[in-house]
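I opened my notebook to look up one structure. My entries follow below it.

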Amino acid sequence: MAKALTKKQQALFEQLDKETLLDIVQQIVATDAKTKRWLVDGWLSTPDEVIKRLNAAWSRQVKSSRYYDYYAADTFFTALIRNIAQPLAQQTAHAPAQVEALAAKILLDFERLTARIDTSSGSWQDFTAIVFATWIQALAAQKHRTPEDIAQAIFLVAGESDWFDISELLKWRSALGSEVLRILAQRFMLADNANNAMRLLLAVRDVDAALALFSSVPTLNNDNALELARLLIDELRAPEAITLLRSLEKQIPAKSAWFVGWGEQMIAALLEEGQREQARDIALNGFSRSAKPTFWQLYLQAGGDEANDFPLFLNMASKNGNEEAIVFLEAVQNYGLLSDIVTGQSPVGITIYLPDDIVGSFWRTLSSKLFKHGYAQAAVVLRRRLAENAIDRATSQYYTYAASDAKKAIDYCAELESLTGFMNSRSWLQALYKAHSRKYSLWDSMQEKIAGLTVNKQGLYWQPVA
């Protein structure tokens with residue numbers, strides 16, 4: 001990339017008269033084809049001429065048989081953005097109808113273009129996003145067109161594009177107007193695309209039309225059905241929301257996020273109707289089926305007794321498994337009981353145990369929270385277990401995680417080094433080394449992370465650094 005003019009050069013440049021500047025430009029244009037094209041495309045062409053050139057450039061790309069692999073695809077789409085998508089967008093205000101037509105053509109041709117391109121990197125998404133936005137803006141800029149006409153134009157592209165995402169269209173609701181989206185919903189209904197139709201009806205809050213559609217096509221996407229229930233509650237039509245939600249209950253998996261959303265909407269509707277006992281029953285049943293902590297919070301919202309009913313919910317969580325019970329305790333921030341479970345000192349009657357194989361961010365976050373709330377021993381136990389489990393996988397790619405967890409275990413253990421009956425950090429490191437001394441890459445990672453740790457042919461030595 002060429003450097004900018006120096007201050008001295010800029011000052012001299014600004015002193016040049018018009019005739020001299022024109023002469024300089026003429027000389028550059030005569031000797032540099034790229035500069036000439038840049039000048040002509042940017043300043044010396046009408047919108048019609050620019051769009052005609054962009055159309056020709058796009059047609060050449062579509063007709064080409066050249067293959068672009070994973071690595072070349074990024075460069076290819078970057079060039080398309082620079083040479084086609086961005087120049088096209090710049091013409092929207094000047095020639096919206098022509099821009100709309102070419103943008104629609106690009107979107108419709110896109111599947112054909114990508115048949116010879118490895119699109120797995122996702123770099124194509126930036127290109128289509130710019131073209132899509134340009135297309136919608138060009139449509140919206142044509143104020144003389146009726147909502148029916150604009151809706152039909154959108155449908156002709158949406159109905160032929162496998163990649164079309166209604167969510168992207170909804171981002172332009174303000175530009176297009178509610179009437180366009182309502183008419184477009186009707187087009188989708190006639191084409192038997194009930195889910196797209198429902199998304200549009202929900203976006204414009206046409207509850208009656210959405211409810212009629214749900215009645216005729218009860219197998220709609222769960223997200224759409226739950227959003228319809230929410231709108232019914234907002235419109236003070238809770239009894240209709242309850243009827244809708246009861247029809248969904250059996251088809252939503254208990255372990256899914258949809259089930260929590262279903263419970264939230266059902267309980268909100270029941271509370272709107274003053275049916276608190278029924279709301280608590282839904283929360284209790286929802287928790288027993290899923291062990292999702294949200295149902296405990298919903299139970300309390302419906303008037304549940306926190307002190308008396310907590311043991312019942314903890315018992316139900318434990319029946320779903322030790323990990324589910326611990327997730328529940330973390331959600332309700334019962335760090336004292338969690339500490340007892342992690343350190344093997346559970347009260348009588350609590351049959352929840354720390355799983356043998358713990359992996360992932362949940363346990364690291366739990367360890368940090370336990371330490372923050374004053375339960376250092378439990379925090380150390382979790383970090384040590386995480387490190388040991390990572391090492392036991394016997395794959396070097398996990399050794400950096402093991403080293404990070406080991407460092408945290410040592411940091412958390414600083415105030416526990418003299419605790420009777422609890423293995424100090426030096427003894428733990430030595431036991432770890434004795435079991436895994438031949439894993440050289442592990443100990444390289446450990447030495448990088450843990451200050452004061454030395455591992456050599458003589459063994460392991462660790463001296464805490466103040």
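What share of the 466 residues of the protein chain counts as buried? I looked it up: 42% do. Buried means under 20% relative accessible area, with a 1.4 Å probe and protein chains only.

I noted the ground rules next. This is a predicted model, where local features need pLDDT of at least 70, side-chain atom pairs count only at pLDDT 80 or more, and totals for chains, interfaces and linings use all residues. Residues are numbered from 1 along each chain as its sequence is written, and side-chain values use heavy atoms, leaving out hydrogens and water.

**Whole chain.** I found 26 helices and two strands in the protein chain. These are DSSP runs numbered from the N terminus: helices are H or I with at least four residues, strands E with at least two. Along the principal axes, the C-alpha atoms fill a box of roughly 90 × 70 × 45 Å.

**Helix 5 and helix 6.** I picked out helix 5 (residues 70–90) and helix 6 (residues 96–114). They pack at an angle of about 160°, with axes 11 Å apart. The axes are lines fitted to C-alpha atoms over the stretch in contact, and angles run from 0 to 180 degrees between N-to-C directions. The two helices are therefore roughly antiparallel, a label for angles over 145 degrees.

**Their contact.** I listed who meets whom, with contact meaning heavy atoms within 4.5 Å. From helix 5, F76, F77, L80, I84 and L88 meet V99, L102, A103, I106, F110, L113 and T114 of helix 6. By class, I noted eleven nonpolar residues, one polar and no charged ones. Here Ala, Val, Leu, Ile, Met, Phe, Trp, Tyr, Cys and Pro count as nonpolar, Asp, Glu, Lys and Arg as charged, and the others, Gly among them, as polar.

How values were computed
Parallel < 35°, antiparallel > 145°, perpendicular 65-115°, else oblique. Buried < 20%, exposed > 50% of the residue type's maximum accessible area, 1.4 Å probe, protein only.
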